Amino acid sequence: AMSDKVHTEVRGRVLVIELRRPEKRNAFDQEVTDGLSAALDLLEDDPELRVGVLTGGPSSFSAGTDLRAGSSSTPRGGPYGIVRRRRHAPLIAAVEGPALGGGTEIVLACDLVVASTTAVFGLPEVELGLVPNCAGLFRAPRALPLNIARELLLTGGRLDVERAERLGLVNRIVPAGEALGAAVVMAEQICTLGPVAVRETMRALRGLYAEEDERGFSLTDAAETAIQASADAQEGVAAFLEKREPRWTGR
């Protein structure tokens, strides 16, 4: 266990990483972020490990940031310990239940996605007067058709797993409860292939988007600065925590 909230299990050359904060729908505080970051450090630094699988357990992948705890980051991984991480080992998201807000941004930071019929995705930050600040603003339009990404970002709408698979976000749909098992099978398949070839493929793919990512983070930082100076952002978060409708002022 990396912490009480993040558990790891080695299965051959596959590292299974499980978020274990079900009472908060696996929302991230600093402890969860530190735990995930440490697990991903292990995946990168142990030469015996080839592929990682990230799961949130049987009921929820992740609700993103714990708004009561605030944002969390690590030097090596960035937000959530994963968003700005440079990895050479493939990481497969095994999604059961909702992956919303930062949960979807974590999925977008993975390389492959296996999702069960219970999975649902979304970037509902606009409902709180916020913007996705963990790469969703530019990785969503990369992973999805532009108009669908706009729909998620501007309306806060949800994407069910069948539509997500049809549009290319999800690689494989499996029955409820089977995402982790199917993701491990996929990981084990990758482990049978040439490790140098896999590593160099990852390096090339990362390089393809490196400059685009830096520009995306710069634009996100500018949007985040404007948002944090707004009264609406404070009102949106307060309304969410107080379980009431927000009273927007447009300021």
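This is a predicted model: local features need pLDDT of at least 70, side-chain atom pairs count only at pLDDT 80 or more; totals for chains, interfaces and linings use all residues.
The largest nonpolar core holds 46 residues. Within this core, Leu54, Ile82, Val95 and Phe121 touch the most other members. Several elements give two or more residues each. The strands among them are E2 (14–19), E6 (91–95) and E8 (112–116). The helices are H1 (30–45), H2 (102–109), H3 (136–143), H4 (146–155) and H5 (161–167). H1 supplies the largest share, five residues. Another core, of 17 residues, lies apart from the largest one. Its members include Val16, Val51, Ala94 and Val114.

Leucine 54 has contacts well beyond its sequence neighbours within four places. These partners are Ile17, Leu19, Leu36, Phe61, Ile82, Leu91, Ile92, Ala93, Ala94, Ile106 and Cys110.

Helix H1 has 16 residues. From its first C-alpha to its last it reaches 22 Å, close to the 22 Å expected at 1.5 Å a residue. Its buried residues are Val32, Thr33, Gly35, Leu36, Ser37, Ala39, Leu40, Leu43 and Glu44. An α-helix has 3.6 residues a turn, so residues three or four places apart point the same way. The buried residues of H1 pack against the strands E1 (6–11), E2, E3 (51–55), E4 (73–74) and E6. At the start of H1, a side-chain oxygen of aspartate 29 comes to within 3.2 Å of the backbone nitrogen of glutamate 31.

Phenylalanine 28 sits in the loop between E2 and H1. Its relative accessible area is 0%, so phenylalanine 28 counts as buried. Beyond residues up to four places away in sequence, phenylalanine 28 touches Leu19, Arg21, Thr33, Leu36, Ser62, Gly64, Thr65, Asp66, Gly70, Ser72, Tyr80 and Ile106. One of these partners, aspartate 66, is 38 residues away along the chain. The C-alpha atoms of phenylalanine 28 and aspartate 66 are separated by 5.3 Å.

An open sheet is formed by three strands in the order E7-E9-E10, with mixed pairing. E7 (98–100) and E10 (158–160) are the edge strands. Each has a single partner strand, so one side of each is left without a neighbour in the sheet. Neighbouring strands are turned by 20 degrees against each other on average, direction ignored. E9 (residues 120–122) and E10 run antiparallel and are joined by three bridges. In this pair, valine 120 stands opposite aspartate 160 of E10. Helix H2 packs on the sheet and touches E7 and E9. The direction of H2 makes about 90 degrees with that of E7.

Technical notes:
Residues are numbered from 1 along each chain as its sequence is written. Side-chain values use heavy atoms; hydrogens and water are left out. A nonpolar core is a set of buried Ala, Val, Leu, Ile, Met, Phe, Trp, Tyr and Cys residues joined through side-chain atoms within 4.5 Å. Buried means under 20% relative accessible area, exposed over 50%, partly exposed in between (1.4 Å probe, protein chains only). Helices (H or I, at least four residues) and strands (E, at least two) are DSSP runs, numbered from the N terminus. Contact means heavy atoms within 4.5 Å. The expected span of a helix is 1.5 Å times one less than its number of residues. A polar contact is a pair of N or O atoms within 3.5 Å; within protein, one must be able to donate a hydrogen and the other to accept it, and residues adjacent in sequence count only if both atoms are side-chain atoms. Two strands pair if DSSP finds at least two bridges between them. Axes are lines fitted to C-alpha atoms, for helices over the stretch in contact, and angles run from 0 to 180 degrees between N-to-C directions.
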